[in-house]
Amino acid sequence: MKPGPPYRVGLTGTVAAGKSAVARRLAEWGATVIDSDELGREVVQPGFPAFAGIRDAFGEDVIGSDGTIDREVLGRLVFEDDAARATLERISHSGIRELRARLIAEATAAGARVIVEEVPLLFEVGLEADYDMIVVVDAPQPLRQARARMSRGWSAERFAAIDAAQLPGTEKRRRAHRVLDNAGKPEELDAAVRELWKAVLSAAAEGREDLE
């Protein structure tokens with residue numbers, strides 16, 4: 001008997017809340033993980049249509065010495081300017097959609113049981129209907145700001161700009177099927193993700209039940 005389609009989980013949350021840590025754990029336990037940020041990095045490489053589009057729109061200043069997009073420079077431009085951010089999204093999103101669809105098709109053909117898509121802007125770009133379960137990872141803003149400073153070298157101003165460009169955590173939590181609070185120790189997050197994985201496997205086995 002041909003297996004059914006994979007159970008699809010949309011993993012999102014607030015900035016620097018720990019989405020990637022959750023995705024890594026789910027991958028270790030058997031989920032096929034697709035990282036939309038990684039797709040975004042891939043489609044702006046030289047040779048992809050988005051590369052030329054970005055160079056034409058933002059100029060040579062966003063091209064690094066190695067000939068690739070300087071994501072730091074581009075990031076500062078778009079998160080300080082709503083119009084610039086909209087331009088970047090218009091240029092890159094079609095390529096991301098195509099690559100995402102290809103990866104999902106490949107995982108489905110390979111018999112993947114669970115696909116987890118890590119999508120920071122899941123709600124903002126209107127992908128809610130694509131998933132059987134939506135999981136939001138959240139943490140208090142001061143803690144997230146400190147994490148962004150330590151792990152990414154972000155200034156308080158950059159964190160505030162990026163955080164403000166997304167839906168508030170309260171709204172993301174309201175729209176989620178499940179919420180993981182990542183305000184504690186790593187082992188506490190591990191325990192929460194294990195419980196999430198059990199719920200995902202159970203729901204996948206039972207079919208796409210109403211999770212709301």
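I began with Arg158, which I found in helix α7 (residues 156–164), where helices are DSSP runs of H or I of at least four residues, strands are runs of E of at least two, and both are numbered from the N terminus. The model is predicted, and I kept in mind that local features need pLDDT of at least 70, that side-chain atom pairs count only at pLDDT 80 or more, and that totals for chains, interfaces and linings use all residues. Residues are numbered from 1 along each chain as its sequence is written, and side-chain values use heavy atoms, with hydrogens and water left out.

Leaving aside residues up to four places away in sequence, I looked up what Arg158 touches and noted Glu72 and Gly75, a contact being heavy atoms within 4.5 Å. Between Arg158 and Leu99 I noted 59 residues in sequence and 29 Å in space, C-alpha to C-alpha.

Next I turned to helix α4 (residues 71–79) and helix α5 (residues 82–109), whose axes come within 6 Å and cross at roughly 125°; axes are lines fitted to C-alpha atoms, for helices over the stretch in contact, and angles run from 0 to 180 degrees between N-to-C directions. I therefore wrote down α4 and α5 as oblique to each other, since angles under 35 degrees count as roughly parallel, over 145 as roughly antiparallel, 65 to 115 as roughly perpendicular and the rest as oblique. In this contact, Leu74, Leu77, Val78 and Phe79 of α4 meet Ala84, Arg85 and Leu88 of α5.

Last, I looked up salt bridges, each a side-chain nitrogen of Lys or Arg within 4 Å of a carboxyl oxygen of Asp or Glu, and by this rule the count comes to 16. Glu117 and Arg8 form a salt bridge through their side chains (2.6 Å, N to O). Glu117 lies in strand β3 (residues 114–118) and Arg8 in strand β1 (residues 7–13), so this pair ties together parts 109 residues apart in sequence.
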